[in-house]
Amino acid sequence: MEKTITALIPVKANSSRLPEKNILPFGDSNLLLHKIGQLKQVKQITDIIVSSDSDEMLDMAAGAGVTAQKRPEQYANESVPFGMFLEWLAGVLPNEHIMWACVTSPLVEPYLYEKAINLYFQKLQEGYDSLITVLPCKSYYMDENGPLNFKVGLEHRNSEYLQPIYHFTNGINLCPVKKLAEWHYNYGPNPYRLEVNKREAADIDDVYDYVQALAMRDMSQITDLGK
């Protein structure tokens, strides 16, 4: 089995909920350059590609020594479905496998990428078709019809005894490139779920997420107590 991997960093120029989200300050640089720096430390990665419609971000990528891939406008402005972007990617990406690596998951560290890649190839042999990161959540969830994972009254249980609901973090997605066009998604129907902690699951979507990620970045060590 070929084990060549493209780490894809998808970044768009515009973000409706948090302007210029992908290049917000983070650490000693910004979110995009921070992610490139993390991925450069992962020895299993064959190529790092930044896919963007933004010339500014593509210039940053080239300056950081990785491949800058100009994304056609229709795949950046959401005029076509996400799955069509993936179908286009399947035709232009090198290597046998793709690892989705979003800048909005800045606390996915190099050691976790390495762990995920090693597990991914192991789990493919076991019958899984892809790998994703998930955060197990034991909280009380409701929809418009009432409780989803708990009961009220005498059957109420403390949260630590609830069945977890898994939050898909979008921190790491690994799958064969050729499957992107078939699934029209970046993971398959039978993914291996790699559980991560709350720090590793940080996903910046709005200003509150950004502030939380900045605070967690300064945690010098994650101990068993903090997981």
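Areas are Shrake-Rupley values with a 1.4 Å probe, and for residues only the protein chains shown count as cover.

This is a predicted model, so local features need pLDDT of at least 70 and side-chain atom pairs 80 or more, while totals for chains, interfaces and linings use all residues. Residues are numbered from 1 along each chain as its sequence is written, and side-chain values use heavy atoms, leaving out hydrogens and water.

So, our patch: Val207, Tyr208 and Val211 make a nonpolar one on the surface, about 320 Å² of accessible area together. Val207 sits in helix H6 (helices are DSSP runs of H or I, at least four residues, strands are E runs of at least two, numbered from the N terminus). Val207 is partly exposed at 40%; buried means under 20% relative accessible area, exposed over 50%, partly exposed in between (1.4 Å probe, protein chains only).

H6 covers residues 207–217, and Tyr210, Ala213 and Met216 are buried there. Down the axis, its buried residues fall within an arc of 130° (directions from the axis to the C-beta atoms), so they line one face. They pack against strand S2 (25–26), contact meaning heavy atoms within 4.5 Å. On the other side, Tyr208 and Gln212 are exposed.

Now H1, residues 31–40: seven of its ten residues are buried, including His34 and Lys35.

Technical notes:
Patch = residues over 30% accessible without salt bridge, like charges linked within 9 Å, V, L, I, M, F, W, Y side chains within 5 Å. Salt bridge = Lys/Arg side-chain N within 4 Å of Asp/Glu carboxyl O.
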